[in-house]
Amino acid sequence: MPQLDPAVFIPQIFWLFIVFVILYIFISRNAAPKISQVLKKRQDKIADDLSEAEALQAKAEQARATYEKSQEDARNNAATLVLNKREELKSAAEAEYKVLSDALTAKADEAQKNIDAAKDKAIGEVRGVATAVCADIVSKISGLSLDDDAVSSAVNKSTDAHTKGNN
């Protein structure tokens, strides 16, 4: 192989040096600036993307804060509405209860008056019947004829004592 012949080492090293110098000059003047421009554009693009991402992150954070505040406001409004409606319904129910209670009390009072009147009427009728029966029994058993006022007075005392004992 001719490359390994020591007699041609010096011209090979010379041409190797010349080729590397030309290659170095070519790369440093043409290729390196283009590569550095591409790297700079890439770095600028990354920096722009990062700054845009930070701006979008700030907007998203602001939107999230606004959303959370609106949600909190909606919860507070709903709670206030529920509380107000509950109080309103409670007041309406209490008013209706009072009206119904008053009506039932009036009906109960009227019914009690009717019961008392019926009781008084029944007691009066019972006293009349008791007076007649007592006078009849006394006349049949003893043959005596008693005064209606005396029999009525005795029956009234007996029934008054009996009704007061039951009350």
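**Close-up views of a predicted model**

Asn 30 counts as partly exposed, because its relative accessibility is 38%. The model shown in these views is predicted.

**View 1. Asn 30 and Leu 56 along the chain.** Asn 30 has its place in helix α1. Between Asn 30 and Leu 56 there are 26 residues of separation along the chain, and their C-alpha atoms are 39 Å apart. The partly exposed state of Asn 30 follows from its relative accessibility of 38%, since partly exposed is the class between buried, under 20%, and exposed, over 50%.

**View 2. An aromatic pair formed by Phe 14 and Trp 15.** The count of aromatic pairs comes to 1. This pair joins Phe 14 and Trp 15 in an edge-to-face arrangement. From centre to centre the distance is 5.3 Å, and the planes are at 75° to each other. Two quantities are given here because a pair of aromatic rings is described by the distance of the centres and the angle of the planes. Phe 14 counts as partly exposed, because its relative accessibility is 45%. Trp 15 has a relative accessibility of 54% and therefore counts as exposed.

View 3. Thr 131 is part of helix α1, which covers residues 9-142. Is Thr 131 buried or exposed? Its relative accessible area is 13%, so Thr 131 is buried. With neighbours within four places in sequence left aside, the contacts of Thr 131 are Asp 148, Val 151, Ser 152 and Val 155.

**View 4. The salt bridge of Asp 44 and Lys 40.** The structure holds 9 salt bridges, and one of them is formed by Asp 44 with Lys 40. The closest N and O atoms of Asp 44 and Lys 40 are 3.5 Å apart. Asp 44 and Lys 40 are separated by about one helical turn, because they are 4 residues apart in helix α1. Asp 44 is partly exposed, with a relative accessible area of 35%. Lys 40, at 52% relative accessibility, counts as exposed.

View 5. Which residue forms a salt bridge with Glu 61? The partner is Arg 64, and the closest N and O atoms of Glu 61 and Arg 64 are 2.1 Å apart. Glu 61 and Arg 64 are 3 residues apart in helix α1, so about one helical turn separates them. Glu 61 has a relative accessible area of 37% and is partly exposed. Arg 64 is partly exposed too, with a relative accessible area of 39%. A network of salt bridges links Glu 61, Arg 64 and Glu 68.

**View 6. The salt bridge of Lys 98 and Asp 102.** Lys 98 forms a salt bridge with Asp 102. The closest N and O atoms of Lys 98 and Asp 102 are 3.3 Å apart. Both residues lie in helix α1, where Lys 98 and Asp 102 are 4 residues apart, about one turn of the helix. Lys 98 is exposed, because its relative accessible area is 51%. Asp 102 has a relative accessibility of 42%, so Asp 102 counts as partly exposed.

Methods:
Residues are numbered from 1 along each chain as its sequence is written. This is a predicted model: local features need pLDDT of at least 70, side-chain atom pairs count only at pLDDT 80 or more; totals for chains, interfaces and linings use all residues. Side-chain values use heavy atoms; hydrogens and water are left out. Rings of Phe, Tyr and Trp (its six-membered ring) pair if their centres lie within 6.5 Å; planes under 30 degrees apart count as stacked, over 60 as edge-to-face and the rest as tilted. Buried means under 20% relative accessible area, exposed over 50%, partly exposed in between (1.4 Å probe, protein chains only). Helices (H or I, at least four residues) and strands (E, at least two) are DSSP runs, numbered from the N terminus. Contact means heavy atoms within 4.5 Å. A salt bridge is a side-chain nitrogen of Lys or Arg within 4 Å of a carboxyl oxygen of Asp or Glu.
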